[in-house]
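The following exercises concern the structure shown below. Each task is followed by a solution in steps.

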Amino acid sequence: MDPVFLSRLQFAAATMFHFLFVPLTLGLSILIAYMETRYAWSGDKNYLRMTKFWGKLFLINFALGVVTGITLEFQFGTNWSRYSEYVGDVFGSLLAIEASAAFFLESTFIGIWIFGWKKLSAKAHAVVMWLVAIAGISSAAWILIANGFMQHPVGYDIRNGRAELTDFLALITNKHGLLEIIHVLPASLLLGAFFIMGISAYHLLRKQHTEIFLKSFRIGLVVGLVTSLLTAFTGDLHGVNVSKTQPAKLAAMESHWETTTQAPLVMFAIPDETQEKNKIEIGAIPGLLSFLGFHDFNAEVIGLKDIPKQDRPPVLPIFIGFRTMVGLGTLLILLMIYGWIRRNKLMESPNYLKIMLWSIPLPYIAMEMGWVVSEVGRQPWIVYNLMRTSDAVSPIAGSQVMVSLTAFILVYGLLGAVGFYLIAKSVKEGPGAVTE
Amino acid sequence: MELQSIWFFLWGLLWAIFFLTDGFDFGIGILYPFAGKTDRDKRVMLNAKGPLWDGNEVWLITAGGVTFAAFPKVYATMFSSLYTPLMLILFALIFRGVALHFRGKIESPGWKKTWDTLIFLGSFMPALLFGVAFANIFAGIPFDNQGLYHGNTLKLLNPYGLLGGLLFVLLFMLHGANWMTIKSTGELQERFAQIAAKTWMVLVPVAVAFLIASFFATRLYDNYIKSPALFLVIVLAVAALFCARYFNAKKAWFKAWFASALTIMGCTFFGIFGLFPALFPSSMNPAWDLTAFNASSSPLTLKIMLGVVSIFIPIVIAYQSWAYHLFKDPVSDEDLDMDEAY
């Protein structure tokens, strides 16, 4: 059994599962902090009930996010020891900073938030939630900066047989990482907003707790409208940067084989990697790929054929992933615009509410697909143009990884099911009465 | 002192703080099925660590992250060599974390019992395995100059390794029982005071045996013979251990907990001082030891990271101390009635 393939599978499974929880944690923490602030400064009990209801769902999600995150830090050592040794001087510091500057704050204050309702004043308690939210964002930012190094390594020199840090400022202001941050953060808020709107829609359709859930839905709507547009905008910036720095990824995203100017965007295609062409191509729009990649209809776009075979990423998952992400992102924008038009007639729009309830999974799928494009698109490199994934794996037996991979799938599958059940149960129970 | 040496001791300090903070969480989890007779007892135990354990666990993440940043070669070799035990620890920690959050979500005996088992295993396994792992590190791990591991997981369960595991389990049980004397009242508090006293009786001979066995199984004492002043750390650990018993008898619960914390700190530093400058010694050839000097990051990284931890670790200690202060009172019925309580 090939430890490289199994380790990749394990890391992919572990990160993708972890990322089911991260964006909701980020998005909800900010929205809950806002609701609690409204309560603390106005004394409006409805905001307290909202804080408690969404807080309960938040905590179930948070617990799963934390425990699945811990394994990731250690997997660089267990499964990717050659990588860790080679780039640890640069990459390791980012993980260490994440833990000491952000994750500590988040984990300590979440405990205070959960148990501190009677120990702190309402205002202090709301401030604690803001600290949790800020710490979560900053934690995500450090991790994305670390990922930015893998995508576009900067601030290092090869010395003593490894990558050594030469410019810390360049490392933490890496354009690729910053673009990821401004894309992932609004996307997380968008996901949080859809979560809130979908669940609010569930109760609004049943005409229960309408005051609370109309308020919640409208908060979601405002945030969702703004962030759906923002996510598309920053995604475009990100795409333009990728076109310049990672031509192979761009070519795979579009299954684009021949280097051409005025490169067309193909709506639908079936890539054939052995024949180096597309089996079927439907709906080619001339020049659009050049425009999307470089904001210039005449720009030259490098085709996969001009990239050595051993440096090409697998085309199909990236091609499908990119289309799914962009398609869903567009759909989310439309849903938000329609919702905005109907914002004062939500109770009279049961079909829209139903669609919103069933739309909860959509931003999840879009975000996971975004990561498939980003990370599968980075292959065959673990650090782009610097180290190959196949050179990065630990000197361990495939059987060892097979066992841990099986354990990951079983345990995570089980936890996912339990988490989903608990969230669904809490949703159905609805908001409780508050005594304070 | 050179940058690398400073980092070596910082590395040791982070592990020590992890053991002395999350250590009592583990201890409570180990005592949980035995000391928690009723559901209320159990909930008092869980809520006694409820507000704090999450923050405590991050010391592990930070210890891991700092190993990566300051000693990448150690991070790479240590965690790939100890692949299976580390995975077991991580899965145990996953179960512990989820169990604490989920146990109280559904009022059903079967549901609670399932999570109860996982709370115990999720605390006992890491305590045992960290002890086994560190004892084996003290004794040296069979890896070559390419970082290739030549051992197997079962060989880690040698007598010295198991003794280390037992030592950790008992230390954490004492520490956990001491925390419970702070966080409980009445009959339950007396129960934990007795548990602490009984655990102490077993811990003392095990600790002595470990100190003696270390002489035969490891190279730790070489440094102590070279610089006898280091023996002070052993004296300190032993003195703290006796203080733990003394304050327990005096019903000075905070002092007893503080003493067991100091004992754990002393035990960790007994190993750290003995290891210096090796972080991960090779049992195949001492020349292949990964040390603070041959496995560290570049001076620039070490300097930047020293700046980072010098700023953030004191801040973390400050707000965590505040959190401990905020939740220092015994768990009350009112606490248990809260919606958010475990």
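**Exercise 1.** Locate A:His295 in chain A and determine whether it is buried or exposed.

*Solution.* Step 1: A:His295 is found in the loop between helix H10 (288-294) and strand S6 (300-301) of chain A, where helices (H or I, at least four residues) and strands (E, at least two) are DSSP runs numbered from the N terminus. Step 2: A residue is buried if 20 or more other C-beta atoms lie within 10 Å of its own, exposed if 12 or fewer, and partly exposed in between, with C-beta atoms placed from the backbone. Step 3: A:His295 counts as exposed because it has 12 C-beta neighbours inside 10 Å. Step 4: Its phi is near 55°, a positive value in a residue other than glycine.

The model is predicted: local features need pLDDT of at least 70, side-chain atom pairs count only at pLDDT 80 or more, and totals for chains, interfaces and linings use all residues. Residues are numbered from 1 along each chain as its sequence is written, while chains are lettered from A and ligands numbered from 1 in the order in which they are written.

**Exercise 2.** Find where the cis peptide bond from A:Gln379 to A:Pro380 lies.

*Solution.* Step 1: Omega of this bond is near 5°. Step 2: A:Pro380 belongs to the loop between helix H13 (361-376) and strand S7 (381-383) of chain A. Step 3: For background, most peptide bonds are trans.

**Exercise 3.** Characterise H14(A) and its buried residues.

*Solution.* Step 1: H14(A) has 32 residues and reaches 46 Å from its first C-alpha to its last. Step 2: This is close to the 46 Å expected at 1.5 Å a residue, the expected span being 1.5 Å times one less than the number of residues. Step 3: The buried residues of H14(A) include A:Val401, A:Leu405 and A:Phe408. Step 4: Their cover includes helix H1 (3-18) and H3 of chain A together with helix H5 (83-102) of chain B. Step 5: Just after H14(A), A:Gly430 takes a positive phi of about 75°.

Note on methods
Contact = placed C-beta atoms within 7 Å.
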